[in-house]
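Please look at the model first.

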Amino acid sequence: MITSAALELRAGSRILLSPTSLRVQPGDRIGLVGRNGAGKTTTLRAMAGESPPYGGVLERSGNVGYLPQDPRTGDLDVTASDRVLSARGLDRLLTDMHKLQVDMSTLVDEDERTRAIRRYGQLEDRFTGLGGYAAESEAARICSNLGLPDRVLAQPLRTLSGGQRRRIELARILFSDAETLLLDEPTNHLDADSIGWLRDFLRTHRGGLVVISHDGDLLGHVVNKVWHLDATRAEMDVYNLGWVDYLQQRETDERRRKRERANAERKIDSLRSQADKMRAKATKARAAHSMDRRADRLAAGLDSVRQADRVARVRFPTPAPCGRTPLTASGLSKTYGSLEVFTDVDLAVDRGSRVVVLGLNGAGKTTLLRILGGIERGDTGTVEPGHGLRLGYYAQEHETLDTDRTVLENMRAAAPDNSDGELRRILGAFLFSGETVEQRAGTLSGGEKTRLALAGLVCSSANVLLLDEPTNNLDPVSREQVLDALSTYRGAVVLVTHDEGAVTALSPEKVILLPDGVEDSWSDELVDLVALA
């Protein structure tokens, strides 16, 4: 279904994947894994035909459904339902059929009405051939299982949250009936029930599947093969094993490599030591030279030592001094057309306080943070900055990053008073060094964009952080760093997340329940609602 020969991938001059051959066949459910920045997203983009490889040949057969980490939909004025149905071309057929139904009932001229009836019959035959009303029902069922009720499907895309739009794109790809699915972090923005349904759906997919995910449960339930992209060696290790067996085999392979390397290094030392002794005698110079060459050949064939993955040293900023209540909001409401998102929300963020915003997907959590951050205006109400307020805003869709600027240019925009040397030092702590700081932000993976956005916050001296899903796209080690930083930050935090661990690390004092806007004291009994909301 997808085959590659001598496939080579690069980011600038950095080699992500040395020439290799890969194949996705019917029934393959492949987990593509590796540390953040190893090149997983670049690999998937190349396989989907979204970006050309640096070298080699990639061939695809059949339809391919590709879910990028940051989906960018086209026309935001189409309804969510039409966006899903467009995967099979049903949206346009239904629109044309509805127009013809009106024509058939209103046209006076008999010939024109006859042509409309004939045309309607042709479209209906095509509609039936594509699954017809049963396909519409199938699309609605997929959407419902992904937490998208009928009221959301009737809305234009521009009125939906980032999480809802991403679930619409996932539903569209699952509905497309594509033979090969390429999914980059498909569980982002899904609640626990939707993740469970998605696991079952992917496990029964009969075509090919390549999935990037940091969700161990998903990988454990779904994949029957694993591709490990080793960032140290820039090579793809292929394991024809399920997830649990892969984890055991990978550790076994690494122990074997270490033993083989140690044995080879001992042999190299022995050969060179003997060569040094022989060089003292002119009659044995040729033998000494031969031993040196044998030692060089052994050294050239040594596998690279597996390096422990570097970890971003995440530390949120030391907060600037501020008044007792640096941020206050009162009477906030927001509607999109006739859709009421939330009404009459009041919020007072005290110095150093911790607030969690809870609500079902689409209840307006992201919209509330955008209004508090000054990115969007509410329909009613006011947001009042207190004495000394410095806001830091982390957007779940990375809207604060300029994708056309380089990593370093984004940092300059976030901290214009800092020198390039200081900015490079901070970027180094977030694993951006050397040529990567000159890489365009639009080419970064989701995890790398997350690290860049967090690096920008470090420079801000913010005393109130607005964090919208800050642990999305992160590998487990980087996620732990973010959670640790949350627990030690001394400023105020307003947090939106599906990650129960993030809430536990924050130790919140207050909760805002949307869409009603009720403010209450935090209770540990609410933790179970985090993954569901």
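In which hand does α13 pass α14? The crossing is right-handed, meaning that the near helix is turned clockwise from the far one by less than a right angle. This is a predicted model, in which local features need pLDDT of at least 70, side-chain atom pairs count only at pLDDT 80 or more, and totals for chains, interfaces and linings use all residues. Residues are numbered from 1 along each chain as its sequence is written, and side-chain values use heavy atoms, with hydrogens and water left out.

**α13 and α14**
- The axes of α13 (residues 407-414) and α14 (residues 420-429) come within 10 Å and cross at roughly 115°.
- The two helices are therefore roughly perpendicular to each other (65 to 115 degrees).
- Val407, Leu408, Met411 and Arg412 of α13 make the contact (heavy atoms within 4.5 Å) with Asp420, Leu423, Arg424, Ile426 and Leu427 of α14.

**Buried side of α13**
- Val407, Leu408, Asn410 and Met411 of α13 are buried (under 20% relative accessible area, 1.4 Å probe, protein chains only).
- These residues lie on the same side of α13 because they cover an arc of only 160° around the axis, taken from the directions from the helix axis to the C-beta atoms.
- Their cover includes α14 and α15 (446-458).

**α13 and α15**
- These helices pack at an angle of about 30°, with their axes 9 Å apart.
- That makes α13 roughly parallel to α15 (under 35 degrees).
- The crossing of α13 and α15 is right-handed.
- Val407, Asn410, Met411 and Ala414 of α13 meet Leu452, Ala455 and Gly456 of α15 in this contact.

Conventions: Axes are lines fitted to C-alpha atoms, for helices over the stretch in contact, and angles run from 0 to 180 degrees between N-to-C directions. Helices (H or I, at least four residues) and strands (E, at least two) are DSSP runs, numbered from the N terminus. Angles under 35 degrees count as roughly parallel, over 145 as roughly antiparallel, 65 to 115 as roughly perpendicular and the rest as oblique. Buried means under 20% relative accessible area, exposed over 50%, partly exposed in between (1.4 Å probe, protein chains only).
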